[in-house]
Amino acid sequence: MMIQQERFDYIMQRLHANSVVKVHELSKELKVSESTIRRDISDLASSGYLKKVFGGAMLMDHPGSTSVSIEMDVASKSSIRIPEKKSIAQFAATLINDNDFVFLDAGTTTGLMIDYLKNRNATYVTNGLMHALRLSAKGLKAYILAGQPKAVTEAVAGSLAVESLRRYDFSKCFIGANGVDLERGLTTPDLEESVVKAEAIKRSYMPYILVDSSKFGIVSSVSFAALENCCIITDGVVDQKYKNRTIIKEVLK
């Protein structure tokens, strides 16, 4: 069962994706009682993050960024915005060509790319524990970074992982992010994973960021790259201000 802060983060991510959330839907998704969800919404409303409405909540009228500091586990993330993530992953997989040397970041959207990979002449390096196994099972040439495994994200991180990355120069990398913000750039809750993401971007000729549209306006604990340093692949339409800052490919459903 999620702790309260994890539920807060989930509720806010759902709000940014849909503008409105309903108590009974959140109760089913998070597997907690409706009374628990109502208390969570009341607490978030008291802190000014959302507006309570009958049967649920909606975003506040004023614009701004929302801070999200807790990382959900992979199982929880995998159940959120599945069609959008699949569309993003399917498009991203088409960008890999013969002889590409690719870094594939740990994460649910990057993990979905593996289902769509058809090029068997590319080489993959990943910090995703399950990614490495799935790439190998598919008959693709794959390597995993050295480092400390993290149970929540199923990622390898830390100084050893960064040191491993410094041996490589990638033609492309595909990175996940928890937040995309005009001021803070690309963010993630985990310091050790942030340095892996930053190093992979630094060592890639073409860095791609895979995020669904709910991540825009979200700020997590640690910034790992500026918007201008990457091409963002996302679903739907995002605020024009983001388009003025960097290249954004919208994968329309």
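User: Which side chain makes a polar contact of 3.3 Å with the side chain of Thr-110?

Analyst: Quick background: this is a predicted model, where local features need pLDDT of at least 70, side-chain atom pairs count only at pLDDT 80 or more, and totals for chains, interfaces and linings use all residues. Residues are numbered from 1 along each chain as its sequence is written, and side-chain values use heavy atoms, leaving out hydrogens and water. A polar contact is a pair of N or O atoms within 3.5 Å; within protein, one must be able to donate a hydrogen and the other to accept it, and residues adjacent in sequence count only if both atoms are side-chain atoms. At 3.3 Å, the partner of the Thr-110 side chain is His-131.

User: Which residue's backbone oxygen does the side chain of Thr-110 reach?

Analyst: Thr-110 sits in helix 6, residues 108-116 (helices are DSSP runs of H or I, at least four residues, and strands are runs of E, at least two, numbered from the N terminus). Its side chain gets to within 2.6 Å of a backbone oxygen, and that oxygen belongs to Asp-105.

User: Is Thr-110 buried or exposed?

Analyst: Buried means under 20% relative accessible area, exposed over 50%, and partly exposed in between (1.4 Å probe, protein chains only). Thr-110 has a relative accessible area of 2%, so it counts as buried.

User: How far apart in space are Thr-110 and Ile-175, C-alpha to C-alpha?

Analyst: Thr-110 touches Ile-175, as well as others including Phe-174 and Leu-210; contact here means heavy atoms within 4.5 Å. In sequence, Thr-110 and Ile-175 are 65 residues apart, but in space their C-alpha atoms are separated by 7.1 Å.

User: Which residues have the most contacts inside the largest nonpolar core?

Analyst: A nonpolar core is a set of buried Ala, Val, Leu, Ile, Met, Phe, Trp, Tyr and Cys residues joined through side-chain atoms within 4.5 Å. The largest one has 29 residues, and the elements giving it two or more residues include helix 8 (159-165) and strand 10 (170-176). The residues with the most contacts inside it are Phe-103 and Ile-209.

User: What is the bridge partner of Asp-181 in strand 12?

Analyst: Two strands pair if DSSP finds at least two bridges between them. Strand 11 and strand 12 (residues 185-188) pair antiparallel over three bridges, within an open sheet ordered 11-12-15. The partner of Asp-181 in strand 12 is Gly-185.

Key: Lists of a residue's contacts leave out its neighbours within four places in sequence.
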